[in-house]
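Dear colleague,

Please find the structure below, together with the sequence. My notes on it follow.

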Amino acid sequence: MRIGELSRRTGVSPRSLRYYEEQGLLASTRTAGGHREYGPLAVERVDRIQCLFAAGLCSATIHELLPCIYAQERGDPAPDLLDNLREERTRIAASVERLERSLAALDAVIDNAHPSPAIAHAGAERG
DNA sequence: CTTCTAACA
DNA sequence: TGTTAGCA
């Protein structure tokens, strides 16, 4: 598929997809006309990249990590990278705990709220 | 119309 | 990252 389709299927802008390639995160072949061509696996790969970016990892770390995730690209984490990943893990774990606190706060409000009109209506129709 | 590269009111 | 320019 070309960049437009990959963009639609991942929700990532073509601009960002080209940026990922520039950072060595996403590979592509070229058509005779010089347009980027991606295989079907590119979709999940981009999702993974997005996920890691969202977790706060920088492109450089992601660049080294991806080959280890997709073993086909050959790679076991270098000692240096491993230390880096442990630090990131600690940071992400702390971030998750904070998110869970927010989740709990929202759940408390949601669970105590009155039934919504839509649900009440459905209940009325049901009987 | 879509993509490409390079560069910035 | 968006966006724009000028091509292919």
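Is Arg9 buried, exposed or partly exposed? Arg9 counts as partly exposed, at 46% relative accessibility; buried means under 20% relative accessible area, exposed over 50% and partly exposed in between, with a 1.4 Å probe and protein chains only.

This is a predicted model, in which local features need pLDDT of at least 70 and side-chain atom pairs count only at pLDDT 80 or more, while totals for chains, interfaces and linings use all residues. Residues are numbered from 1 along each chain as its sequence is written, chains are lettered from A and ligands numbered from 1 in the order in which they are written, and side-chain values use heavy atoms, with hydrogens and water left out.

Salt bridges

Five salt bridges were counted, each being a side-chain nitrogen of Lys or Arg within 4 Å of a carboxyl oxygen of Asp or Glu. Arg9 pairs in this way with Glu5, the closest N and O atoms being 2.8 Å apart.

A second salt bridge joins Arg36 and Glu21 (3.2 Å, N to O). This pair links distant parts of the chain, with Arg36 in strand E2 and Glu21 in helix H2, 15 residues apart. Arg36 is buried at 18% relative accessible area, whereas Glu21 is partly exposed at 21%. Glu21, Arg30 and Arg36 are linked in a network of salt bridges.

DNA contacts

Ser13, Arg15 and Ser16 surround DNA strand C, a residue being near a strand if one of its heavy atoms lies within 4 Å of it. Sugar and phosphate make up 53% of the atoms of DNA strand C that come within 4 Å of the protein. A polar side-chain atom of Ser13 lies 2.8 Å from a phosphate oxygen of DNA strand C, while one of Arg15 lies 3.0 Å from a base oxygen of DNA strand C.

Conventions:
A polar contact is a pair of N or O atoms within 3.5 Å; within protein, one must be able to donate a hydrogen and the other to accept it, and residues adjacent in sequence count only if both atoms are side-chain atoms. Helices (H or I, at least four residues) and strands (E, at least two) are DSSP runs, numbered from the N terminus.
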